[in-house]
Amino acid sequence: MKELEPIRVELRDRPYDIEVGAGNLGRIGECLAPLLRGKRIVILTDPVVDGLYGAKVRRSLRGAGFSPSQVVVPSGEEHKNLAELERVQEELAAAHVERSSTLVALGGGVIGDLTGFAAATFLRGIGVVQVPTTLLAQVDSSIGGKTGVNLRAGKNLVGAFHQPRFVLADVDTLSSLPPRELRAGLAEVVKYGVILSPDLFVFLEGHVGEILALEREVVAEVVHRCAAAKARVVTEDEREAGLRAILNFGHTLWHAIEAVAGYGRLLHGEAVAIGMVFAARVSADRRAFGQVERLAGLLERLGLPITIPEGLDRGALARVVEADKKRRAERVKFVCVEEIGRTCFELLSTQEIEESLRAV
Ligand SMILES: NC(=O)c1ccc[n+]([C@@H]2O[C@H](COP(=O)([O-])OP(=O)(O)OC[C@H]3O[C@@H](n4cnc5c(N)ncnc54)[C@H](O)[C@@H]3O)[C@@H](O)[C@H]2O)c1
Ligand SMILES: [Zn+2]
């Protein structure tokens, strides 16, 4: 299989590389050896991922002269909280983890966010390496340095920017994902095509079968292109001052659907798929975007939902969107597309949102 170039995230303080490929987990030791000066590594993972991939990662690290230990956090979003963070930090302290030690986040976005925040705050900051094992984590959450945990009052309300030292994505890990999780991750993949890369969009349209069958070469190519796209956005806007907002394309509805439908009815990516079709329709009205059906068609072929589920009250959704906008002054703008690969922002009233929702 052809090797893909490492992706350089060119941040001024601390640039880092993202490597995407098949079979990367077995290479983690050799990748980290030239990068880290301390030999102590603590792997944070969950029981599912540990059972599947923990031994392989530990073996590779030991082979390269590291002494890895491990902290296991229960699977699931409900454990991305301060109580679990405290437990992890106490374990790190009990194990005498030092400034020169490094945390390795082995898992999905939940593990990545929690580990990143533990690393950002333990001893006022130690190094972290991201080893994402879900599609969403490989193309999105492991890149860019946003870390954090949830409060009862809301998701990701406590956190920090803490860039990883290195990101290692192994597309072979995707083969053990539940198919629904995989498809949900594909919504984020499509998003990069829509907001940044017409080439990627066309590539996706031409490779739906190979992607769903997880053909290694094709999937590695897709993850690599998405990771590069996210890296580009993050490099230009590390602290979310402007450009990074385009990553919210299709995401406005997610919060609303979660609030109205109840958490867990739809996966994040599924709500994003619906949200993208909604944003595309708004874009058609406002900016004469002419590719709504094309976008909906690709999402549908990838097995994603494109309409708001029966029984969800549009008015209630619109009110949550509005409340969301008020609460976060920076989010008053709605991300639209002018054409595939080019975004713009629009200001929408609640009434306009509600009218557009009725059309989805
Ligand atoms: N930091 C960021 O920029 C950013 C961006 C987007 C999302 N996020 C966060 O990411 C989280 C969601 O991440 P996620 O979708 O990866 O969910 P997740 O981390 O909960 O993982 C989903 C499930 O898949 C399992 N799993 C992980 N890898 C597997 C594998 N290879 N094979 C089989 N099972 C596996 C996990 O045990 C878990 O049960 C949310 O908390 C969200 O807030 C963060
Ligand atoms: Zn998302």
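Colleague: In which loop does Ile 246 lie?

Modeller: This is a predicted model, in which local features need pLDDT of at least 70 and side-chain atom pairs count only at pLDDT 80 or more, whereas totals for chains, interfaces and linings use all residues. Residues are numbered from 1 along each chain as its sequence is written, chains are lettered from A and ligands numbered from 1 in the order in which they are written, and side-chain values use heavy atoms, with hydrogens and water left out. Helices are DSSP runs of H or I of at least four residues, and strands are runs of E of at least two, numbered from the N terminus. Ile 246 is found in the loop between helix H9 (216–236) and helix H10 (252–261).

Colleague: Is Ile 246 buried or exposed?

Modeller: Buried means under 20% relative accessible area, exposed over 50%, and partly exposed in between, with a 1.4 Å probe and protein chains only. Ile 246 has 3% relative accessibility and counts as buried. Contact means heavy atoms within 4.5 Å; leaving aside neighbours within four places in sequence, Ile 246 touches Ile 195, Leu 196, Val 335, Thr 343 and Phe 345. The C-alpha atoms of Ile 246 and Leu 196 are 9.1 Å apart, although 50 residues separate them along the chain.

Colleague: Which residues are the protein donors of the zinc ion (ligand 2)?

Modeller: Donors are N, O and S atoms within 2.8 Å of the metal (3.2 Å for Na, K and Ca); water is not among the atoms, so sites may look incomplete. Here Glu 188 (OE), His 251 (NE2) and His 268 (NE2) lie 2.0 to 2.1 Å from the zinc ion. Their spacing along the chain is E-x62-H-x16-H. Because Glu 188 belongs to helix H6 (residues 179–196) and His 268 to helix H11, this pair ties together parts 80 residues apart in sequence. Glu 188 is buried, at 0% relative accessible area, while His 268 is partly exposed, at 23%.

Colleague: At what angle do helix H11 and helix H12 pack?

Modeller: Axes are lines fitted to C-alpha atoms, for helices over the stretch in contact, and angles run from 0 to 180 degrees between N-to-C directions. H11 (residues 268–287) and H12 (residues 292–301) pack at about 170 degrees, with axes 9 Å apart. The two are therefore roughly antiparallel, a label for angles over 145 degrees, while under 35 counts as roughly parallel, 65 to 115 as roughly perpendicular and the rest as oblique. Among the residues that meet are Ala 273, Met 276 and Val 277 in H11 and Leu 295 and Leu 299 in H12.
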